[in-house]
Amino acid sequence: MNGIRNGKRDGKAGHGILLELGHRWRFISRYVRSPQVVGAVAPSSRALAVAVSAPFRDSKRPASVLEVGAGTGPVTRHLGTILGPEDRLDICEISPDFADILERDVLTERAFVSPVAEGRVRLLRQAVQDLPADSQYDFIISGLPLTSFEFPDVVEIFNVIRRSLKPGGVFSYFEYIALRRTSRMLAFGKRRTRIRDVSSFLAGNIRTHQFGHRTVVQNFPPAHVRHLRFN
């Protein structure tokens, strides 16, 4: 029915559409201000959210999950729909704007009411590098624009992720198709060196640790979803 009832738009559906448009605008404006941090011009699609969270969805319960770089919450929302009664979810978002959206518009949705009240879902307003050394998760799902980061930061993020995964845990992330290759071709000087080093590091981890891969074309831009296991 697309939110239309008796010739008039349903109020709740209309509010949801306006909210989504507002999130997209905030995402685009944040990208314009800080493209090296946001790394995309649009939030992830539902298809991408489903693909990147597949190992958690298919796992035995209960599980502890960390989402890194949640943005405006498209993956978070999907995680809320598959969160079991004993699962735990930490959401790590360093941007104050995006963290405010998550707290106000996402974690107040019906799927999160009980888990938030029970303390099983937490919003961490911090960088993943600042996670306590004893943090342990079965699944870590990342929306971080790794190709946009400095090489030492990418290495540190991977070290923290490896340290924070339980034995047999899964790290899932996505990267836009051909982004690393295209960025390297168009860059010059120190920026080209940075992208080359980051790309080589990511490629090495993919060769050594990737056990699952899916290409998602129902996203803008289309993306590779990668699942890695380090032990």
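## Basis and overall make-up

The expected span of a helix is taken here as 1.5 Å times one less than its number of residues, and helices (H or I, at least four residues) and strands (E, at least two) are DSSP runs numbered from the N terminus. The structure is a predicted model, in which local features need pLDDT of at least 70 and side-chain atom pairs count only at pLDDT 80 or more, while totals for chains, interfaces and linings use all residues. Residues are numbered from 1 along each chain as its sequence is written, and side-chain values use heavy atoms, with hydrogens and water left out.

The protein contains 10 helices and 9 strands. Of its 231 residues, 49% are buried, where buried means under 20% relative accessible area, exposed over 50%, and partly exposed in between (1.4 Å probe, protein chains only). Contact means heavy atoms within 4.5 Å; among the contacts with a separation of 6 or more, 72% join residues 24 or more positions apart.

## Helix α10

Helix α10 has 21 residues, which at 1.5 Å a residue should span 30 Å, and the 30 Å between its end C-alpha atoms agrees with that expectation. Its buried residues are R194, I195, V198, S199, L202, G204, N205, I206 and H209.

L202, which lies in α10, is buried because its relative accessible area is 1%. Not counting residues up to four places away in sequence, L202 touches L146, T147, V154, F158, Y173, E175 and R180. The C-alpha atoms of L202 and V155 are 9.3 Å apart in space, although the two residues are 47 residues apart in sequence.

The buried residues of α8 are V154, I157, F158, V160, I161 and S164. These residues cover an arc of only 160 degrees around the axis, which puts them on the same side of α8; the arc is that of the directions from the helix axis to the C-beta atoms. An α-helix has 3.6 residues a turn, so residues three or four places apart point the same way. The buried residues of α8 pack against β6 (137–142), β7 (165–176), α10 (189–209) and β9 (223–228).

The helices α8 and α10 pack at an angle of about 25 degrees, with their axes 9 Å apart, the axes being lines fitted to C-alpha atoms, for helices over the stretch in contact, and the angles running from 0 to 180 degrees between N-to-C directions. That angle makes α8 roughly parallel to α10, since angles under 35 degrees count as roughly parallel, over 145 as roughly antiparallel, 65 to 115 as roughly perpendicular and the rest as oblique. The contact is made by F151, V154, V155, F158 and R162 of α8 together with R194, D197, V198, F201, L202, N205 and H209 of α10. By class, this contact has 7 nonpolar, 2 polar and 3 charged residues, where Ala, Val, Leu, Ile, Met, Phe, Trp, Tyr, Cys and Pro count as nonpolar, Asp, Glu, Lys and Arg as charged, and the others, Gly among them, as polar.

L66 is placed in strand β3 and counts as buried because its relative accessibility is 0%. Leaving aside neighbours within four places in sequence, L66 is in contact with D90, C92, V128, L131, Y137, F139, I140 and I141.

E118 is in the loop between α7 (110–117) and β5 (121–124), and its 49% relative accessibility makes it count as partly exposed.

## Cis peptide bonds

Most residues other than glycine have a negative phi, and most peptide bonds are trans. A cis peptide bond joins R61 and P62, with omega about -10 degrees, and P62 is in the loop between α4 (54–57) and β3 (64–68). The peptide bond from F220 to P221 is also cis, with omega near -5 degrees, and P221 is found in the loop between β8 (210–216) and β9.
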